[in-house]
Amino acid sequence: TEAVGLYNLGQSCCLNSLLQVFLMNIRFTGILRRITVPSSPAQRRNNVPYQMLLLLEKMQCGKCKAVGPTDLACCLSEHRVKLFVQHDAAQLFLTLWNLLKKQMKKPELVEELSDLYIIRIQEHLACQKCSFEMKSNSTMLTLPLPVLDANSQRLKTLENCLQYFFHPEELTGQNMCFCQQCGRKTTFLQVIGELFPHVSYPDLPLGLGRVGKGLNHISLRGDQQLRFMRIAALRVTLCVSLQATWQYELFAVVAHSGSTSCGHYCAYIRSLTEHKWYCFNDSEVCQVSWDDVKCTYGHCNLYW
């Protein structure tokens with residue numbers, strides 16, 4: 001009945017944090033519980049959804065404060081997921097999701113999983129010299145949000161990052177596009193609109209671009225403060241003349257401290273049943289306040 005931690009197997013804090021985000025999401029576990037159990041022992045050992053389900057059962061049925069994700073980790077290693085190395089959370093999230101989608105045999109579960117996480121993007125290009133327009137659709141798993149604007153100025157809030165990502169951009173100079181109607185390259189207006197799946201509560205995974213370019217093209221990790229609210233309203237331009245607004249409530253924050261090559265991950269997750277925030281620090285789990293959650297991004301002088 002209480003939140004359960006995961007033992008660190010050796011630089012597995014990133015994996016542990018992401019697993020907690022998956023398994024604390026009752027919409028995801030509702031899909032996970034309906035998977036087809038592989039028939040042979042060898043198939044069960046190498047099936048990521050099944051091993052994740054076993055870990056969930058182990059966490060919910062045990063009486064320990066933490067359990068070891070050893071079997072799942074061994075399963076992931078069979079699918080070329082390296083163990084005992086420093087992972088990037090966004091990349092590992094994509095890897096886990098792809099393995100889950102690939103190994104879920106029921107088409108309806110794959111569709112539900114996609115509806116829950118997939119972000120559908122439409123790019124709209126309009127020539128500024130004539131009426132010619134182009135549209136293209138694509139999908140992504142994580143919305144890559146910039147933390148700096150075009151002038152390398154820091155965006156102060158998460159809402160600013162979202163607004164800047166969807167803000168219409170004029171493509172001029174070297175970025176001009178060829179217009180079939182004008183017969184030459186012209187200035188285009190680029191608008192990115194988000195097309196959500198037709199489900200009641202789609203998740204919206206966000207990735208913050210914390211690495212930028214410094215002097216002499218050296219990568220620098222940004223540690224600036226970025227304020228975010230518990231509830232964010234996202235206003236998106238779907239086309240030149242149409243706008244729409246969605247409202248999201250923050251569910252989890254995967255926080256990293258340290259450098260790009262060495263550091264530690266924790267997960268701050270809001271229980272969807274208890275409506276309380278918890279900090280999952282490998283095997284240690286404790287209830288935290290909203291003020292604790294706000295310290296997870298850019299407060300270099302505060303401990304979380």
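Predicted model: local features only at pLDDT ≥ 70, side-chain atom pairs only at ≥ 80, totals over all residues.

Colleague: OK, what is the bridge partner of Ile 269 in E17?

Modeller: That's Tyr 278. Residues are numbered from 1 along each chain as its sequence is written, and side-chain values use heavy atoms, with hydrogens and water left out.

Colleague: And how are strands and helices picked and numbered?

Modeller: They're DSSP runs numbered from the N terminus: helices are H or I with at least four residues, strands are E with at least two.

Colleague: How many bridges join E16 to E17?

Modeller: Four, and strands E16 (residues 263-270) and E17 run antiparallel. Two strands pair if DSSP finds at least two bridges between them.

Colleague: What sits between those two strands in the hairpin?

Modeller: Six residues, and in that hairpin His 275 takes a positive phi near 60°.

Colleague: What stands opposite Tyr 278 in E18?

Modeller: Gln 287 does. E17 pairs with strand E18 (residues 284-288) over five bridges, in the antiparallel sense. The hairpin of E17 and E18 has two residues between the strands, and Asp 282 takes a positive phi near 55° there.

Colleague: Is E17 mostly covered or uncovered?

Modeller: Mostly covered: E17 (residues 277-281) has four of its five residues buried. Buried means under 20% relative accessible area, exposed is over 50%, and partly exposed is in between, with a 1.4 Å probe and protein chains only.

Colleague: Switching to another strand. Where does Ala 66 lie?

Modeller: In strand E2 (residues 66-67). Ala 66 counts as buried because its relative accessibility is 3%.

Colleague: Which residues is Ala 66 in contact with, leaving aside its neighbours within four places in sequence?

Modeller: Val 4, Gly 5, Leu 6, Tyr 7 and Ser 283, where contact means heavy atoms within 4.5 Å. Leu 6 is 60 residues from Ala 66 along the chain, yet their C-alpha atoms are separated by 5.1 Å.

Colleague: Now the inside. How many residues does the largest nonpolar core have?

Modeller: It has 41, and the ones with the most contacts inside it are Phe 28, Leu 32 and Tyr 117. Among the elements giving two or more residues to this core are helix H1 (13-23), helix H2 (26-32) and H7. Apart from it lies another core of 26 residues, including Leu 145 and Tyr 268. A nonpolar core is a set of buried Ala, Val, Leu, Ile, Met, Phe, Trp, Tyr and Cys residues joined through side-chain atoms within 4.5 Å.

Colleague: How many of the residues in H1 are buried?

Modeller: 11 of its 11. Phe 22 is one of the buried residues there, with a relative accessible area of 1%.

Colleague: How many aromatic pairs does a search of the whole structure find?

Modeller: Eight. In one of them, the rings of Phe 22 and Tyr 117 have centres 5.8 Å apart and planes at 70°, so the pair is edge-to-face. Rings of Phe, Tyr and Trp (its six-membered ring) pair if their centres lie within 6.5 Å; planes under 30 degrees apart count as stacked, over 60 as edge-to-face and the rest as tilted.

Colleague: Which residues do ring pairs link into a cluster?

Modeller: Phe 22, Phe 28, Phe 93 and Tyr 117.
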